[in-house]
Amino acid sequence: MKFDPRPKTLILGLGHPRQSPFLRSYAEESFSVHAAYTEKKTARFSRYLDSFIHLPLAEDEQLEYLERFGKQHGGFLVPTNDEYIGLVSQNRERLDRFFNIPLPNWDIVEPMMDRQKSYKIANRIGIKVPRTWIPEHEAELEKI
């Protein structure tokens, strides 16, 4: 196998609207761009991708693959959808030994992923948010 001196980027998730700009921008900056996802989307044939990795569904197996890729190639690890943002953020300490990860730890990300928590934080600091109801049970839903 020929050595590729370009820095690596592993994009997690394909077919999401954020994925295409990531692919293009990294490729245009001379990165070797790879993608990994649990589904074989047509986006895997992008001219900007150097490879596509079909990930297993189990999170522990995904993490094992990411560690192997990171040990071998390093580079950037860029999650592009909520599922992978959660996976990477919750396992950031485990993965940042091998990758540069442009994402904070779970204690920062988790409130942003939970609408109820993010609205409480926004209200507390004076940001207006839409009026919302999060019923605890069916009777409360009917009342609303």
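First, the ground rules. This is a predicted model, in which local features need pLDDT of at least 70 and side-chain atom pairs count only at pLDDT 80 or more, while totals for chains, interfaces and linings use all residues. Residues are numbered from 1 along each chain as its sequence is written, and side-chain values use heavy atoms, with hydrogens and water left out.

Now the overall layout. The protein has 7 helices and 4 strands; these are DSSP runs, numbered from the N terminus, with helices being H or I of at least four residues and strands being E of at least two. Read from the N terminus on, the order of elements is β-α-β-β-α-β-α-α-α-α-α. The radius of gyration is 19 Å, well over the 15 Å that the globule rule gives for 144 residues, so the protein is more spread out than a compact globule. That radius is taken over C-alpha atoms, and the globule rule is 2.2 Å times the number of residues to the power 0.38. Along the principal axes, the C-alpha trace spans about 65 × 30 × 30 Å.

Buried residues make up 36% of the 144 residues. Here buried means under 20% relative accessible area, exposed means over 50%, and partly exposed is in between, using a 1.4 Å probe and protein chains only. Contact means heavy atoms within 4.5 Å. Among contacts between residues at least 6 apart in sequence, 51% join residues at least 24 apart.

Back to Arg 92. Is Arg 92 buried or exposed? Arg 92 counts as buried, because its relative accessibility is 18%. Leaving aside residues up to four places away in sequence, Arg 92 touches Ile 101, Leu 103, Pro 104 and Asn 105.

Asn 100 sits in the loop between α4 (92–95) and α5. With 45% relative accessibility, Asn 100 counts as partly exposed. Again not counting residues up to four places away in sequence, Asn 100 touches Gly 75, Phe 76 and Leu 77. Asn 100 and Ile 127 are 27 residues apart in sequence, and their C-alpha atoms are 32 Å apart in space.

Next, the helix packing. Two packed helices are described by the angle between their axes and the distance between the axes. Axes here are lines fitted to C-alpha atoms, for helices over the stretch in contact, and angles run from 0 to 180 degrees between N-to-C directions.

Helix α3 (residues 82–90) and helix α5 (residues 106–113) pack at about 155 degrees, with axes 9 Å apart. That makes α3 roughly antiparallel to α5. The cut-offs are under 35 degrees for roughly parallel, over 145 for roughly antiparallel, 65 to 115 for roughly perpendicular, and oblique for the rest. On the α3 side the contact is made by Asp 82, Ile 85, Gly 86, Ser 89 and Gln 90, and on the α5 side by Trp 106, Val 109 and Met 113. By class, this contact has 4 nonpolar, 3 polar and 1 charged residues. Ala, Val, Leu, Ile, Met, Phe, Trp, Tyr, Cys and Pro count as nonpolar, Asp, Glu, Lys and Arg as charged, and the others, Gly among them, as polar.

Which residues of α3 are buried? They are Tyr 84, Ile 85, Gly 86, Leu 87, Val 88 and Ser 89. The buried residues of α3 pack against β1 (8–12), β2 (32–37), α2 (59–73), β4 (76–79), α4 and α5.

The other helix pair is α5 with helix α6 (residues 115–124), at an angle of about 100 degrees and with axes 5 Å apart. That makes α5 roughly perpendicular to α6. Glu 110, Pro 111, Met 112 and Met 113 of α5 meet Arg 115, Lys 117, Ser 118 and Ile 121 of α6. This contact has 4 nonpolar, 1 polar and 3 charged residues.

Also in α6 is Asn 123, which is partly exposed at 48% relative accessibility. Asn 123 and Ser 25 are 98 residues apart in sequence and 36 Å apart in space, C-alpha to C-alpha.

Val 33 is in strand β2 and is buried, with a relative accessible area of 0%. Beyond residues up to four places away in sequence, Val 33 touches several others, including Thr 9, Ile 11, Leu 23 and Tyr 48. Ser 30 is in the loop between α1 (19–28) and β2. Most residues other than glycine have a negative phi. Phi of Ser 30 is near 65 degrees, a positive value.
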